Amino acid sequence: YAAIERTESIIESFNSVGPPAQMYQRLLRNYLVAESRNWWVDDALAAQGLAYAGASAEEARAEMDKVSIEVSERITLTSRAEDIPVRVLNDAGYPVRVRFQLDSPRLRFEEEQVRTFETGRTPLTIPVRTDTSGFFPVTMSLVTPDGSEVIAESQPTVRSTEFNNVALTITLGALFFLIAFYLLRWYRRRNPPSAQEPA
């Protein structure tokens, strides 16, 4: 019974993506047939009923697998607030409704609302903020609108150089100051003031 309930959950989540009505109705009908108690009179029929339900779940899952994320394996952020370019690939043959999610301990992200993606590749920019520098992993996911099924996932590595740039600027500023100070000191030693000029 748990496997049958799992099948129903997958089919309903798939329906929230926005498949053709006929496809959803067929999968739902198959689920209802698999739920019938007529399968449970012996082990052999129960196995057939379970396989029938599993086939419907696998078909729904295969349809959702036609949607994926395309993103660079390495992303460099040069400021605290920046946009990450992403592309959503939809090979399902019909528009799909999904929600984009981002999970990272060092990136702040305002969760995207549910969006509809037409067939083909759709560019997407994800605004993020970071308060630290270094390398850290990020998990990007496309989930069903109800949030119960992960449709696609990618794990690029993000490199943030914002605070390294600040430190570099401070270091270069200090270096230029020291150079100017010693050049001025050297110039004064080579050109001491004359006796007639006030010191």
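**Close-up 1. Helix α2 passes helix α3 in a left-handed crossing.** A crossing is left-handed if the near helix is turned anticlockwise from the far one by less than a right angle, and right-handed if clockwise. The model is predicted, so local features need pLDDT of at least 70 and side-chain atom pairs count only at pLDDT 80 or more, while totals for chains, interfaces and linings use all residues. Residues are numbered from 1 along each chain as its sequence is written, and side-chain values use heavy atoms, with hydrogens and water left out. Helices (H or I, at least four residues) and strands (E, at least two) are DSSP runs, numbered from the N terminus. Helices α2 and α3 pack at an angle of about 155 degrees, with their axes 8 Å apart, the axes being lines fitted to C-alpha atoms, for helices over the stretch in contact, and the angles running from 0 to 180 degrees between N-to-C directions. That angle makes α2 roughly antiparallel to α3 (angles under 35 degrees count as roughly parallel, over 145 as roughly antiparallel, 65 to 115 as roughly perpendicular and the rest as oblique).

**Close-up 2. Asn30 sits in helix α2, which spans residues 21-35.** With a relative accessibility of 15%, Asn30 counts as buried, because buried means under 20% relative accessible area, exposed over 50% and partly exposed in between (1.4 Å probe, protein chains only). When its neighbours within four places in sequence are left aside, Asn30 is in contact (heavy atoms within 4.5 Å) with Tyr52 and Ser56. Asn30, Tyr52 and Ser56 are also among the residues through which α2 and α3 meet.

**Close-up 3. Helix α1 (residues 2-17) and helix α3 (residues 43-64) have axes that come within 9 Å and cross at roughly 30 degrees.** This angle makes α1 roughly parallel to α3, and α1 passes α3 in a left-handed crossing. Among the residues that make the contact are Ile4, Ile11 and Phe14 of α1, together with Leu50, Ala57 and Met64 of α3.

**Close-up 4. Four strands form an open sheet in the order β1-β3-β7-β5, with antiparallel pairing.** Two strands pair if DSSP finds at least two bridges between them. The edge strands, each of which pairs on one side only, are β1 (67-70) and β5 (107-109). Strand β3 (residues 81-90) and strand β7 (residues 120-130) pair in the antiparallel sense over ten bridges, and the bridge partner of Ile84 in β7 is Ile126.
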